[in-house]
Amino acid sequence: MGEPGTPELVKLEDLSVPGALTGRKHVLSILVENKPGVLARIAGLFARRGFNIDTLAVGPTDDPNISRITLTLDGAVHPIDQVTKQLHKLVNVLKIRDMEPEETIAREMALFKVTAAVENRAEIMQFAEIFRSKIVDVSRRTMTIEVTGSAEKVEAFERMIRPHGLVEMVRTGEIAIARGGD
Amino acid sequence: MRAADALMESLKAEGVEHIFGIPGGANLPTYDALVDADLDHIQVRHEQCGGHAAEGYAKASGRVGVAFATSGPGATNLVTAIADAVMDSVPTVFVTGQVRTELIGTDGFQEADILGSTLPFVKHSFQVTDPRHIPEYIHEAFHVASTGRPGPVLVDVPQDLSRADIEYEPRTDPVDLAGYKPSTEGNIKQIRIAAKALANASRPVFYTGGGVVNANASEELRELANSDQFPVTSTVMGLGSFPASHERWLGMLGMHGTRAANYAMDNADLIVAIGARFDDRITGKLSEFAPRAKFIHIDIDPAEISKNVPAHIPIVGDAKQVLPKLTREYRALQTDSGRLEAWWKQLRGWQQEYPLGYEASDSEIKPQFMIEAMHRATEGDAIITSDVGQHQMWAAQYYGFDKPRRWINSGGLGTMGFGLPSAIGAKVACPDEQVVCLAGDGSLIMTCQELATCVHHGIPVKIFLMNNGYMGMVRQWQELFWDRRYSAVEMGPSPDWVKLAEAFGATGMRAEDPADLEETMRKALEAEGPVLVDVRVSAEENCFPMIPAGAAARDMVG
């Protein structure tokens, strides 16, 4: 109906708008100019528009003038389309990609420090093995385990290890890259 | 060349002729460079007013307004003007001084993180870290401020860097910013769909805003509206972009709009929003806003589309480019305009049943009468700047603007005290036009020191002060919605405004009798230099009709 000269009119009752909320987690991969204050501009935008960032990771890219910000947010709470349009208004934001879950590899790293008396160590090491994680530090009372994987995997590991006495946990937030040659 | 001199050359290369500002320690090099720069500098009396003057300049002329301030308090005084400019999309460039580079971050004397504190309010901002970047930043600042959806850009220049010696080369090349590419043309397929929806609408309304003014698209809007019997309403920011004397003008819409305009929105089956952003002053209760309508939303800023009200047919583009295409596509459909007759019968019915009106008086000056007198005295052709409050809404209702850029007010931020400084800017931009500041007494006292600027620089703005002894709009709300418990709204022992004007070296006049008002206004307009007319109006008049906050359009009162 977008062609010229077609006689049929657009019926108003046929017009609809898509829902603003997608109901799922979104991973936004944002290329920004590597300039002072860029992160403050993005964080400030999220704060004043009431968008809640779940995780945020910032790092260099292969181009020293460009950094990549990977952030996750909940599409059940925030209209992602509005979020990306607001981000695009920032002059330092070069490109935003709303990563397709099926087409994306997303990973984060977490460090878990757990209480590990001698008699529990074998069990903890077994968990670590199952999750293909690494034990990176051992002291008399604790072990520290490095887990890499999807956010779901990190959360699953946390659920398993928590009953053993979780002393401290650190997560990086997800980073993501598209699958295949794209 | 000294970087501060390169700054002046860069500004001139952008076509700057006038600058509003105040010097201080951190921008001493800038003001030293100004001495030889062949630029007209208007020395305002408060940096906020320099900012508003730059806004008034931009709104009246369409050119970028420029204001200077020093670091620290000078810069923070600009913040209100910057916030005002972003809300109303005013193309402005603000150049602030900053403490020396080695002092940044040490809480140095007159240091303020102006870049950080204005992040929520700027379209973009730069802090100079290398003096060689100054010409490039100025060039980019003007590009960003004036293209796409216009807005304020801040350039913060540390004192030591503006004294550095640099190689200056004029920048006139087209700006190419990887992260800034406004789309202006409008997707032609979307435009065709919009034309076809419009052809099928039986109760359409054009809801237009400040974007039409910014795009200089008044002619194009009229062409589109005249391609059929389309009714047009506008926000307070859009007034004048469609002539108030046009037979299909419904009046302003929104909180203090006409019933005809608001009922039209309430009953419309298709609303064409052009350069308007569905502000809460327009929509009232969002869930009950225009419940029968589908929306075509044309805007230069994609983020405005579906922000508050979901658009069925979004069109991102500049009104000046999109509207002629929509007109052409619509005309090509050769629609029978007879289908709109029933709609017009309804609209005319509302217009006849609910005209704007007030109770006339022989004994006291009614505020609405004052606006009508102002219209007659200025022959409806002045540039009117306004403060914020009842007088602003009465002017919007009763002045009847027929041309764009004749109505300059603070619509989004609602900044009291905006009227006088923006009048200064408008008069500097358009010296041959009659510029009248319609002031409120609550507002004018906030920025009245700018009378000194008017006298000092010989800027003959005429101030018509609607003096009711109250912060009238707040009083009205306290009366209507807070059981008439007046709290801090009486202006009490106000200054003698006539003497105050005279103390500044301006002319003061007073009008108390409705019979003399128009004549006094004419005298003020004809007098040399700046004039303040203290117009004593009825104290407790309310501005009606109105949609109470959070109510729906159909529930207008008064």
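Visitor: What radius of gyration does chain B have, next to a compact globule?
Guide: Chain B has 24 Å, and a compact globule of 558 residues would come out near 24 Å, so the two agree. The radius is taken over C-alpha atoms, and the globule rule is 2.2 Å times the number of residues to the power 0.38. Keep in mind that this is a predicted model: local features need pLDDT of at least 70, side-chain atom pairs count only at pLDDT 80 or more, and totals for chains, interfaces and linings use all residues. Residues are numbered from 1 along each chain as its sequence is written, while chains are lettered from A and ligands numbered from 1 in the order in which they are written.

Visitor: What's the mean pLDDT of chain B?
Guide: It is 97, and 100% of the residues of chain B reach 70 or more. pLDDT is the predictor's confidence in each residue, from 0 to 100. The model scores ipTM 0.91 and pTM 0.95.

Visitor: What box does chain B fill?
Guide: Along the principal axes, its C-alpha atoms fill roughly 70 × 60 × 40 Å.

Visitor: How many helices and strands are in chain B?
Guide: Chain B has 23 helices and 18 strands. Both are DSSP runs, numbered from the N terminus: helices are H or I with at least four residues, strands are E with at least two.

Visitor: How much of chain B is buried?
Guide: Buried residues make up 58% of its 558 residues. A residue is buried if 20 or more other C-beta atoms lie within 10 Å of its own, exposed if 12 or fewer, and partly exposed in between, with C-beta atoms placed from the backbone.

Visitor: Which residues touch the most others in the largest nonpolar core?
Guide: Val155(B), Ile271(B) and Val533(B), in a core of 194 residues. A nonpolar core is a set of buried Ala, Val, Leu, Ile, Met, Phe, Trp, Tyr and Cys residues joined through C-beta atoms within 7 Å.

Visitor: What is Ile271(B) in contact with?
Guide: Leave aside neighbours within four places in sequence. Then Ile271(B) is in contact with Val205(B), Tyr207(B), Met265(B), Ala290(B), Ala293(B) and Phe295(B). Contact means that two C-beta atoms, placed from the backbone, lie within 7 Å. There is also a second, separate core of 12 residues, including Val114(A) and Ile145(A).

Visitor: Why is helix α5 of chain B largely enclosed?
Guide: Because 8 of its 9 residues (79-87) are buried. Among them are Val79(B), Ile82(B), Asp84(B) and Met87(B). The buried residues of α5(B) pack against α3, α4, β4, α6 and β6 of chain B. Just after α5(B), Ser89(B) takes a positive phi of about 55°.

Visitor: What domains does chain B have?
Guide: Domain 1 is 3-162, domain 2 is 188-353 and domain 3 is 367-536. Such bounds come from an automatic or database domain assignment.

Visitor: How many residues link domains 1 and 3 of chain B by contact?
Guide: 25 residues of domain 1 are in contact with 26 residues of domain 3. On the domain 1 side, α3(B) gives the most, with 10 residues. By class, that side has 10 nonpolar, 9 polar and 6 charged residues. Ala, Val, Leu, Ile, Met, Phe, Trp, Tyr, Cys and Pro count as nonpolar, Asp, Glu, Lys and Arg as charged, and the others, Gly among them, as polar.

Visitor: Switching to chain A. How many helices and strands there?
Guide: Chain A has 4 helices and 9 strands. Its pattern along the sequence is β-α-β-β-α-β-β-α-β-β-α-β-β.

Visitor: Is chain A compact or spread out?
Guide: More spread out than a compact globule, because its radius of gyration is 22 Å, well over the 16 Å that the rule gives for 182 residues. The C-alpha trace of chain A spans about 80 × 40 × 35 Å along its principal axes. Of its 182 residues, 23% count as buried.

Visitor: Where are the domains of chain A?
Guide: Domain 1 is 20-98 and domain 2 is 104-178. Their centres, taken over C-alpha atoms, are separated by 28 Å. In contact are 7 residues of domain 1 and 7 residues of domain 2.

Visitor: Last one. How many residues does each chain put into the contact between A and B?
Guide: Chain A gives 25 residues and chain B gives 28 residues. On the chain A side, the largest share, 4 residues, comes from α1(A). That side divides into 12 nonpolar, 7 polar and 6 charged residues.
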